[in-house]
Amino acid sequence: MSVPLISPSILSADFARLGEEVRAIDAAGADWIHVDVMDGHFVPNITIGPMVVKALRPHTAKPFDVHLMISPVDAYLEAFAAAGADIITFHPEAGPHAHRTVQAIKALGKKAGVSLNPATPAKMLDYLIDDIDLVLVMSVNPGFGGQSFISSQLRKIEAIRKMIDKTGRDIHLEVDGGVDVNTARLCVDAGADVLVAGTATFKGGPDHYAANIAALKRID
Ligand SMILES: O=C(CO)[C@H](O)[C@H](O)COP(=O)(O)O
């Protein structure tokens with residue numbers, strides 16, 4: 001079992017000090033920076049857009065892992081790519097042509113991710129897996145941080161790990177929602193290699209970020 005990458009979700013950061021917060025998690029050992037983009041339509045919350053991503057870009061050299069919970073999605077890919085996203089992940093339910101969206105992300109020179117809601121089956125990936133760089137399993141219904149981990153998603157993570165291994169390609173398997181020190185281990189055991197953590201990273205304030213991230217990486 002290898003040590004997972006940690007992608008703290010800035011949804012749980014202090015939005016009044018976002019630049020400072022991004023610098024703090026970078027210094028604390030974050031591998032990626034997870035940016036949750038919500039539109040109040042695909043999910044019942046509204047967060048941030050490409051202008052904020054662009055403003056945050058100079059604060060870290062770590063990859064921006066941008067999770068688009070928006071519909072439609074295609075019209076916004078270019079703006080997020082130009083703003084500094086490195087990985088762009090979308091939900092197949094966000095538009096009629098998921099494969100075209102993957103192609104569009106790749107054409108922008110970015111890594112393409114596909115996210116599956118808790119009720120979306122792994123099978124959705126059958127005809128996408130050969131062309132994507134990341135699968136994001138939502139272990140909560142998207143929209144809000146601080147929710148409880150949905151255990152049924154562990155079976156899905158196991159199934160997707162098998163699908164990924166069959167391709168022989170280097171595809172990240174990321175889990176998002178309710179990840180803490182206990183569920184982190186279950187996710188890694190099931191085959192995840194990247195963990196998104198909002199609450200578990202930011203709890204206790206900046207003095208605790210390094211210890212929080214280190215605890216999530218501890219899988220022995
Ligand atoms: O995408 C999300 C919600 O849609 C968040 O990234 C996710 O819920 C992380 O928050 P927490 O770690 O607090 O559960």
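This is a predicted model: local features need pLDDT of at least 70, side-chain atom pairs count only at pLDDT 80 or more; totals for chains, interfaces and linings use all residues.

Mentor: Start with helix H6, which covers residues 181-190. Its buried residues are Thr183, Ala184, Cys187 and Val188. Look down the axis of H6: these buried residues fall within an arc of 140 degrees, so they line one face of the helix. An α-helix has 3.6 residues a turn, so residues three or four places apart point the same way.

What do the buried residues of H6 pack against? Two of the partners are helices: H5 (153-167) and H8 (209-217). The others are strands, S7 (172-176) and S8 (194-197). After H6 comes Gly191. Its phi is positive, near 125 degrees.

Now the record. An unreviewed UniProt entry lists residues under "binding site", including His67, Phe144, Asp176 and Gly177. Take two of them.

His67 sits in strand S3, residues 64-69. Is His67 buried or exposed? The cut-off for buried is 20 or more other C-beta atoms within 10 Å. His67 has 27, so it is buried. Leaving out residues up to four places away in sequence, His67 touches His34, Val35, Asp36, Val37, Thr89, Ser115 and Leu136.

Phe144 lies in the loop between strand S6 (134-138) and H5. Phe144 has 15 C-beta neighbours inside 10 Å, so it counts as partly exposed.

How values were computed: Residues are numbered from 1 along each chain as its sequence is written. A residue is buried if 20 or more other C-beta atoms lie within 10 Å of its own, exposed if 12 or fewer, and partly exposed in between; C-beta atoms are placed from the backbone. Helices (H or I, at least four residues) and strands (E, at least two) are DSSP runs, numbered from the N terminus. The arc is that of the directions from the helix axis to the C-beta atoms. Two residues are in contact if their C-beta atoms, placed from the backbone, lie within 7 Å. UniProt positions are given in the numbering used here, feature names are shortened, and annotations may be inferred rather than shown by experiment.
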